Number of protein chains: 2
Amino acid sequence: MITKYQYGNPIETDAVVKDIPLSYGKLPFFNVTNGNTTFSYVLSENDIVYGLGEQVRGINKRGWKYKSYNFDNPNHQEDTNSLYGAHNFLLISGEKMFGVFFDYAGLIEFDIGYTDHKMLIVTADDENMKVYILTGETELDIVKQFREIIGQSYIAPKWAFGYGQSRWGYKTEEDIREVADKHEKYNIPLDSIYLDIDYMERYKDFTVDTQRFKDLKKLQEEMLKRGIHLVPIIDAGVKIEKGYAVYEEGIKYDYFCKDEDGENFVGAVWPGRVHFPDFMKPETRRWFGDQYAVLLDMGIDGFWNDMNEPAIFYTQKRLESVMRRVNELSKQNMGIDEFFEFKGLVEGISNNIEDYNTFFHDINGKKVAHKKVHNLYGYQMTRAAYEAFDRMEKNKRILMFSRSSYIGAHRYGGIWHGDNKSWWSHLLMNMQMLPALNMAGFIFSGADTCGFGSNATEDLVMRWLQLSIFTPLMRNHSAIGTREQELYQFQNVADTKKIIEIRYGLIPYIYSEYMKAVLNNDMMFKPLAFDFRDDILAKATEDQILLGNEVMITPIYKQNAIGRYVYLPEEMMMVRMTSLDQVETKILSKGHHYIQAKLNELVFFIRHGKKIPIAKKAKNTAELHTQKLLFLGWKDASYLYYEDDGISRKYDLEKNTKII
Amino acid sequence: MITKYQYGNPIETDAVVKDIPLSYGKLPFFNVTNGNTTFSYVLSENDIVYGLGEQVRGINKRGWKYKSYNFDNPNHQEDTNSLYGAHNFLLISGEKMFGVFFDYAGLIEFDIGYTDHKMLIVTADDENMKVYILTGETELDIVKQFREIIGQSYIAPKWAFGYGQSRWGYKTEEDIREVADKHEKYNIPLDSIYLDIDYMERYKDFTVDTQRFKDLKKLQEEMLKRGIHLVPIIDAGVKIEKGYAVYEEGIKYDYFCKDEDGENFVGAVWPGRVHFPDFMKPETRRWFGDQYAVLLDMGIDGFWNDMNEPAIFYTQKRLESVMRRVNELSKQNMGIDEFFEFKGLVEGISNNIEDYNTFFHDINGKKVAHKKVHNLYGYQMTRAAYEAFDRMEKNKRILMFSRSSYIGAHRYGGIWHGDNKSWWSHLLMNMQMLPALNMAGFIFSGADTCGFGSNATEDLVMRWLQLSIFTPLMRNHSAIGTREQELYQFQNVADTKKIIEIRYGLIPYIYSEYMKAVLNNDMMFKPLAFDFRDDILAKATEDQILLGNEVMITPIYKQNAIGRYVYLPEEMMMVRMTSLDQVETKILSKGHHYIQAKLNELVFFIRHGKKIPIAKKAKNTAELHTQKLLFLGWKDASYLYYEDDGISRKYDLEKNTKII
């Protein structure tokens, strides 16, 4: 059951698409205070708090303080409070069980047993919000109800489930060709190569630097023949430059955010000074969405939207005031107070929350400070793109995923987990985030596998791939200046390529589970406790998750590990693979096991009485034989298999599903 | 067996105190190239590399690149390359087994299977170094040989094994009194309160701000009566201030480091501009050491030496050049290149390695760039203090520990693990560092328990204390601006105080193990694999260590965990304690176990056939009854117990040891 409450005059987020009548009276479960801005709930000793989507720490969010405040922080650690997305859905499971969604576009804080282990305290910047309370029989039941009211999740084309290679730093079309060639040379399957900011002419959206990418259309044609899709990046900020068509149009038709004086607001990002499109205006969304045609017309069929928190390197005003003050300070004999101020000013110059109070959106003719709708910005940018695809490519799925998001954005695109690091701890976090993202509607997702920032080691790459072969998005992405991270940069390509082949073997299953999760408002990735509800060990398991109803994923996430402990909440079949052809299985009993696994050994589990389909080796998704499937698992098991052409936009669940 | 090789003209580090004849010819094990600056060794698949003392990552250092370059980095993560100490001792165990010590005071890099999983590559800045190769029957045998040549480790007074409370931010003597009072009120045992930089007059070494600390001598007397020792901080830099005696003397007798022009070098730290004592000169050491008398004369009997990497906020020259450039940049339309330069310049202003090339030491009349002896600085500062204590307090042990260190410093003081964070990952790292520090001679050590930077949660505090009750130094320390971290700041003092009581119960054992490790050149903390040499699971165990020959420590280091997996390399006795009186034991078989442990339950193991002494509850170490000991463990076991008065400087191993 879902009940809806409203406080003040909320800004419409379009997160919920189903009509739910307003309830009045006391909000269930919570004590509401401070002018309807503080919501407290007393946690019982064993209560688990799930949810919050893209956040640090474990599956159980208890014991830390989180913020919804979309924020560019590639260097996130366990004390980080906010990442790139704002997903204000919580699920409390224990003495009582309920879900709650704070539909609120501004800054909101979740103190989940941080200040007081027994208290959940939610604090918003103001009272203008809707709150949805969900009750149900099981955790999954509550999630499904929630997913139903927020609408069907975005569906990616099947080729986007292939392996993708990306790097900030592919500067020319020769670089791209080299990536394709090397993957071919080493027989590493590949479906996509990503174009980071380097392809643009001085970082101007919807332009191509024709010095370095002579003919992108031709390049895409060439690549498509090789089974590879190019996927360019689009940034939020529009460079201020006379004669640049996008800029000129934005000025002419008044599509940009305004500053306090009503002038177009100036921030700075990659290209230097930019204006930010006011995506809260439908006409801006339509205009910006139409720009994708430049690339769609070249045959491009996939995009990623970036820097749309929006990330701001600096605003001109702040830069000037910081420079004034640091010049003053630097002339003094700076000791602790002055020097900490000096450093703090410069460190705080980017993505400063105060700057988000100095520019404005036009929402139905009303001037609204960006801060009030900050968490919607990336969402509305992605919506702009998707709605344009809807107009321009009626029958074809276009790949779209975004860095920033809010619940609602899941209908318009996937997300990646944001900029991360080549850290073992981020490998684990990658897995831990998946169920929470599913709760919030984000099914097409995955982390930058092997890590974006910092330097990857070969063993980290191997272990991380062994996890990311299970996620819908599987993109190897790294930052300029870090160690090169394409698989052929390491010594043991023979083994890494086999892991990618296993990925392709798993695609029929992963795609089927993905589509069923989307079309049934179900979760693709679940905490163990969702299916083993009375098992206290399952509830405490933070480093294993379920995939569909068939698989349990148990990645190794520690350097130099020769194995790991695994908890089996029921009898399961252990699968050990070093390649698609080298498969060992063994039935293991319910309980604790220590499983040895060499660096090149993938280990996962098939649940009791289940089986999964496996395809043969393929160079890319286009060549994937889904007609002749093999099976892994229990002999007499059946599997509910979804299949479609992977590209057209008609989804007939019944017609496309069969028991095999 | 130990062989010693020499390249070029090394600067004497005094790390090794035993006379070892020089060997000539080819260095065993390594391939030496690039003018004797690069040392390569081919690792076998299962080789483990131990050592490096204070570094990030696990007990097995394989898979990352480390640097010896003492560096102030409280924000260290898994991709950090250097911390506060330089401990160039490695122990390779696998197909071949040997130890190696690169006695080199400058920058040296250890690529341990990072670039190539099969290669250990050590690269020094120049060839001027001594290299010691150690072979032996077992890992422990090699370590003991090494410890013998570097000389006996520093011995702390027994009161320093009591619980200590510290915080950067105790600003007045009333603050100190409040800490003492609150510990008394809540019956939390306590032996020391630390004075961070706040006690000084404008951060000037060997001064006391008498506005805020009216009479430190009286305060110390008052505290000592309550069983509490005050432990003030001493920083490396000496404030430039006319009339300040330490500064004036330093100038007069030429005790400071020089810049390129032969002027006293100017850096800036807490007090603003400072000179750095040239601790490489014996006369400077003597002079600086003598300054401690000011505090010793007040009855102070413990100190910590800080900021002695040395940490440098900025140098005047760099500040000026950075300001010139950022002013230029800020006037441009800064895009990616300019803005990254802008931020990078400011971020690189502190502890810049280039600045370490712009000041000089006088070593036996020779001008030597600081960079060449960078890693000796904190070591020689601590030596200055210890040698002064030797002169001034012949019969009394003075507590001394340092942030920065090099092998050799272990003879003059302990170390803490450097500034850390209230992170679960740092709890684990705390434990993982202990064996490596022991290899390098640092026995009196411990991390800032519960974390220095960032905000601690109550559950983190509980779990961290459950580890740090086993380390010689047990100091709860936190930074200004973070959540207050004294145990009484959290709700469940009843449980945390019991953990501290258990610490006191364990002191007879911990102190005994500490003294035996020091006097026998033994390790107090060992990796499991050192005692279970043929057990591949023991070799792979990274989250359990041995304490002495009796105990296995198995801390819980994950939030919301209800237990953990433990590997027993032999039958052991599990001990479960919620207080000194509430003890459960159970014999568990060799193999894997999942052990449940509530937040207030300490779990550790007693090895087969062993027992440990336990004292009764005590308010502080002075009141500890070591006459009437209880025992935990196997009934018929005996224990080799060391005891002494804990304060005098005569250590008679035989006389003070008995089998009980």
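**Reading the core, sheet and interface**

Mentor: In this predicted model, 70 residues of chain B are in contact (heavy atoms within 4.5 Å) with 70 residues of chain A. Local features need pLDDT of at least 70 and side-chain atom pairs count only at pLDDT 80 or more, while totals for chains, interfaces and linings use all residues. Residues are numbered from 1 along each chain as its sequence is written, chains are lettered from A in the order in which they are written, and side-chain values use heavy atoms, without hydrogens and water.

Trainee: What area is buried between chain B and chain A?

Mentor: The size of an interface is often given as the accessible area lost when the parts come together. Here about 5,800 Å² is buried (1.4 Å probe, summed over both parts), and carbon and sulfur atoms give 54% of that area.

Trainee: Which residues have the most contacts inside the largest nonpolar core?

Mentor: Nonpolar side chains tend to be buried together in soluble globular proteins. A nonpolar core joins buried Ala, Val, Leu, Ile, Met, Phe, Trp, Tyr and Cys residues through side-chain atoms within 4.5 Å; buried means under 20% relative accessible area (1.4 Å probe, protein chains only). The largest core has 441 residues, and those with the most contacts inside it are Tyr292(A), Tyr514(A), Tyr292(B) and Tyr514(B). Among the residues that Tyr292(A) touches, beyond four places away in sequence, are Phe206(A), Ile234(A) and Met400(A).

Trainee: In what order do the nine strands of the open sheet in chain B stand?

Mentor: Strands of a sheet pair through backbone hydrogen bonds, either parallel or antiparallel. The order in chain B is S26-S25-S23-S19-S14-S13-S12-S28-S27, with parallel pairing (strands are DSSP runs of E, at least two residues, numbered from the N terminus; pairing needs at least two bridges). Strands S26 (445–446) and S27 (448–449) of chain B each have a single partner strand, so one side of each is left without a neighbour in the sheet.

Key:
Buried < 20%, exposed > 50% of the residue type's maximum accessible area, 1.4 Å probe, protein only. Helix = DSSP H or I, 4+ residues; strand = E, 2+ residues; numbered from the N terminus. Buried area = accessible area lost by both parts, 1.4 Å probe.
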